[in-house]
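Please keep the sequence and the structure in view while reading.

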Amino acid sequence: MAFQLELLRDIPYFSGLKSAEMEAIGKRVFEKTAGRAEVLSLEGEDVANLYFVASGAVKVFKTSADGKEQILSIVRPGEFFNDVAVFDGGPSPAGARAMGPVILYGIAREDMMAILLEHPNVAINVVRALVERVRHFISLVEDLSFRHVIGRVAKILLEHAGDESGRGPRLTQQDMASLAGTAREVVGRSLKTLEEQGAIKLDRHRIVITDEEALQRIMGAS
């Protein structure tokens, strides 16, 4: 449990809590593991548990009637998913799938409700975390509505490529397309254009950022 509690301290929901509070909350937490591409929740289904990512990464996504996928967020260690359905009791508005092997910490809906009542600081932290999530989705709408595809790709690269922290997987071109709201072929052409402009280098299956400032300019101008 000590290792679990140490990880819980890094989760925004539990920031600033006393040791006794963390011990009490830790008793309500369970661990779950999943393999690459394993479905963790389905859009439209009822969910019983709130999950925090301890290691690995999970993509949260919407799927259109014709099977097109739009990634809403990539959930990394310390971040959470299934929150909407857990807090409002309704069906899940999006699906979630492991992007590689993951370790999750889960809290059942009824336990999370009890935690909010017993630990008011958690409720305050939850409000802050959900406000940050709203800001993320406003930014996503702005990107999809107003930013050209090459600008979206530049932003994705700045946020995800070249991450040496080990907090998440490298993105495939299909992942990037699902984040950018476009087709994989369009992402491929955008990457070639960025390489021609000297902003990145395509090295087999890796994308190396060679000029971060150029990427930022392209993102801002698109």
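Strands S1, S8, S3 and S6 form, in that order, an open sheet of four strands with antiparallel pairing. Strand S1 (30–34) and S6 are the edge strands, each pairing on one side only. Two strands count as paired if DSSP finds at least two bridges between them. The elements themselves are DSSP runs numbered from the N terminus: helices (H or I) have at least four residues and strands (E) at least two. The model is a predicted one, in which local features need pLDDT of at least 70 and side-chain atom pairs count only at pLDDT 80 or more, while totals for chains, interfaces and linings use all residues. Residues are numbered from 1 along each chain as its sequence is written, and side-chain values use heavy atoms, with hydrogens and water left out.

Within this sheet, S1 and S8 run antiparallel and are joined by five bridges. Helix H4 lies across S3 and S8 and runs at about 70 degrees to S8. Such angles run from 0 to 180 degrees between N-to-C directions, with axes fitted to C-alpha atoms, for helices over the stretch in contact.

A further open sheet of four strands has the order S2-S7-S4-S5, again with antiparallel pairing. Its edge strands, each pairing on one side only, are strand S2 (39–41) and strand S5 (69–75). On average, neighbouring strands of this sheet are turned by 30 degrees against each other, direction ignored. Strand S4 (residues 58–63) is joined to strand S7 (residues 95–98) by four bridges, and S2 is joined to S7 by two.

| Residue | Opposite residue | Strand of the opposite residue |
|---|---|---|
| Lys 59 | Arg 97 | S7 |
| Phe 61 | Gly 95 | S7 |
| Val 39 | Arg 97 | S7 |

The loop between S5 and strand S6 (80–81) contains Arg 76. Arg 76 is buried, with a relative accessible area of 8%; buried means under 20% relative accessible area and exposed over 50%, with partly exposed in between (1.4 Å probe, protein chains only). The side chain of Arg 76 makes a polar contact with the side chain of His 160 at 2.8 Å. A polar contact is a pair of N or O atoms within 3.5 Å; within protein, one must be able to donate a hydrogen and the other to accept it, and residues adjacent in sequence count only if both atoms are side-chain atoms.

The largest nonpolar core has 23 residues, and those touching the most other members are Leu 8, Tyr 13, Phe 14, Phe 52, Met 112 and Val 122. A nonpolar core is a set of buried Ala, Val, Leu, Ile, Met, Phe, Trp, Tyr and Cys residues joined through side-chain atoms within 4.5 Å. Another core, of 22 residues, lies apart from it and includes Val 153 and Ile 200.

Helix H9 (residues 212–221) has the buried residues Ala 214, Leu 215 and Ile 218. They lie on the same side of H9 because they cover an arc of only 100 degrees around the axis, taken from the directions from the helix axis to the C-beta atoms. The face turned away from this buried side carries the exposed residues Glu 213, Arg 217 and Gly 220. The buried residues of H9 pack against helix H6 (149–160), helix H8 (184–196), strand S9 (200–203) and strand S10 (206–209), where contact means heavy atoms within 4.5 Å.
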